[in-house]
Amino acid sequence: MDLLSLLWLLLTPCGLDLSQAVNPFAVQQTPPDPCYDEKGAPRRCIPEFVNAAFGKEVHASSTCGKPPSRHCDASDPRKAHPASYLTDLNTAANMTCWRSETLHHSPQNITLTLSLGKKFEVIYVSLQFCSPRPESAAVFKSMDYGKTWVPYQYYSSQCRKIYGKPNKATVTKQNEQEALCTDGHTDLYPLTGGLIAFSTLDGRPSAQDFDNSPVLQDWVTATDIRVIFSRPHLFRELAGRDHEDEDGGASSAAYSYAVGEFQVGGRCKCNGHASRCVKDKEGKLVCDCKHNTEGPECDRCKPFHYDRPWQRATAREANECLGCVVFEITTCQAPKQPAWEKRQVVSAGPEADDVVGAELGVRSRQGQRELPGPEAIDVAEHQPRSARSACNCNLHARRCRFNMELYKLSGRKSGGVCLNCRHNTAGRHCHYCKEGFYRDMSKSITDRKACKGKGVIS
């Protein structure tokens with residue numbers, strides 16, 4: 001017996017396929033979706049923490065090399081110091097540095113502007129310098145792709161004089177979105193390798209209750225980051241002589257700024273409804289939304305999932321967007337289960353357009369309808385997750401909307417309302433016949449000819 005035949009005999013009793021034995025990776029399980037637990041229930045999920053600046057383009061208001069100088073030449077790769085060096089891969093052995101033009105007047109603002117390409121929840125902003133750190137600098141953020149800017153943090157040894165801010169002010173819950181000024185990270189030394197690092201949540205009172213603080217959620221959100229170097233260190237410290245008066249007047253001493261690494265640490269903002277961000281067909285970064293949400297930041301419910309208001313997911317509650325909790329005639333159209341396709345769950349007339357389940361004499365919870373009799377039908381058990389959560393308009397409407405009044409009246413359980421019911425149907429869920437038409441009981445309510453009359457089917 002040859003070796004192949006022997007191997008086949010050994011594998012056959014175990015029910016193994018030969019291809020699986022030869023290739024142990026032939027059958028691989030799909031990795032679990034972080035947005036759902038092992039039972040398929042939704043839970044909060046967040047993208048991984050990243051340096052959102054890595055590889056991104058930075059616009060610098062000043063870069064050396066044009067015209068070329070002895071130490072900087074934009075046309076010579078060995079002497080060039082472009083802005084792309086701010087967000088490339090740096091190592092201790094190979095620190096590439098962006099450098100500004102040589103300047104002769106102070107103060108003169110030099111600006112670095114970074115676009116993240118999408119909303120991020122920023123945890124920190126840091127810059128590592130190849131030159132001495134500036135004596136005064138400011139960090140700004142934009143939430144609308146650079147249209148408007150708000151301050152994030154100021155650094156200066158003269159906070160009140162330069163920025164009109166007190167040094168080391170206290171943050172309370174009443175001013176958690178206020179940019180502070182500090183004299184930290186403004187020392188002249190070290191002359192190279194110095195760091196400016198800003199933590200967006202450090203010292204903010206609601207940081208420990210971030211899930212329940214819309215103010216801080218807004219505070220950490222940014223699409224763009226801008227850093228402005230406002231003032232270098234005094235020339236007498238750099239050149240050993242006094243070249244600047246007390247008012248920061250002009251001087252002939254030369255200086256420049258140089259930065260080796262510009263980092264923005266944070267997560268792609270998806271409001272707890274996505275575990276990753278991907279590029280869409282246009283190459284834009286968007287959230288891979290789950291929980292029946294959609295939008296660049298999973299910031300709205302999908303159509304037909306308006307049964308309760310959109311909410312951000314929290315550690316305790318996924319706040320999945322839900323379809324309508326239905327109390328009227330419906331059909332359970334589970335794939336590959338023909339016996340279920342024509343089975344009615346709960347029968348009710350036009351009064352089902354009212355909000356309350358108790359008025360119908362039925363008990364209900366999301367995904368399950370219970371008949372008044374001994375038989376209870378669990379729809380959720382027979383339908384896929386995506387199918388059972390859609391707003392139910394009985395196939396007579398293409399759109400639904402959220403109604404806050406209905407939602408409140410239902411005890412904050414259900415607020416979806418179908419729009420423009422077709423096929424001569426009416427009601428909140430297009431579940432009964434409009435005036436002048438009567439129900440053909442031989443047809444399901446989902447049938448386009450369920451309502452008969454002298455009129456023409458619309």
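Is Glu-135 buried or exposed? Glu-135 counts as buried, at 4% relative accessibility. This briefing covers salt bridges in a predicted model. A search of the whole structure finds 12 of them.

**Arg-231 and Glu-135**
- The side chains of these two residues, Arg-231 and Glu-135, form a salt bridge, with N and O 2.9 Å apart.
- Arg-231 belongs to strand E9 (residues 221-231), while Glu-135 sits in the loop between E4 and strand E5 (136-142), so the bridge ties together parts that are 96 residues apart in sequence.
- Arg-231 counts as buried because its relative accessibility is 6%, under the 20% cut-off.

- Arg-312 meets Glu-121 in a salt bridge between side chains, at 2.9 Å from N to O.
- Glu-121 is part of strand E4 (residues 110-129) and Arg-312 is in the loop between strand E14 (300-301) and strand E15 (363-365), so this pair ties together parts that are 191 residues apart in sequence.
- Arg-312 is buried, with a relative accessible area of 14%.
- Glu-121 is buried too, at 12% relative accessibility.
- A network of salt bridges links Glu-121, Lys-269 and Arg-312.

**Lys-443 and Asp-440**
- Lys-443 forms a salt bridge with Asp-440, and their closest N and O atoms are 3.3 Å apart.
- Lys-443 is partly exposed, with a relative accessible area of 28%.
- Asp-440 counts as buried, at 12% relative accessibility.

Key:
Residues numbered from 1 in each chain as written. Predicted model: local features only at pLDDT ≥ 70, side-chain atom pairs only at ≥ 80, totals over all residues. Heavy atoms only, no water. Salt bridge = Lys/Arg side-chain N within 4 Å of Asp/Glu carboxyl O. Helix = DSSP H or I, 4+ residues; strand = E, 2+ residues; numbered from the N terminus. Buried < 20%, exposed > 50% of the residue type's maximum accessible area, 1.4 Å probe, protein only.
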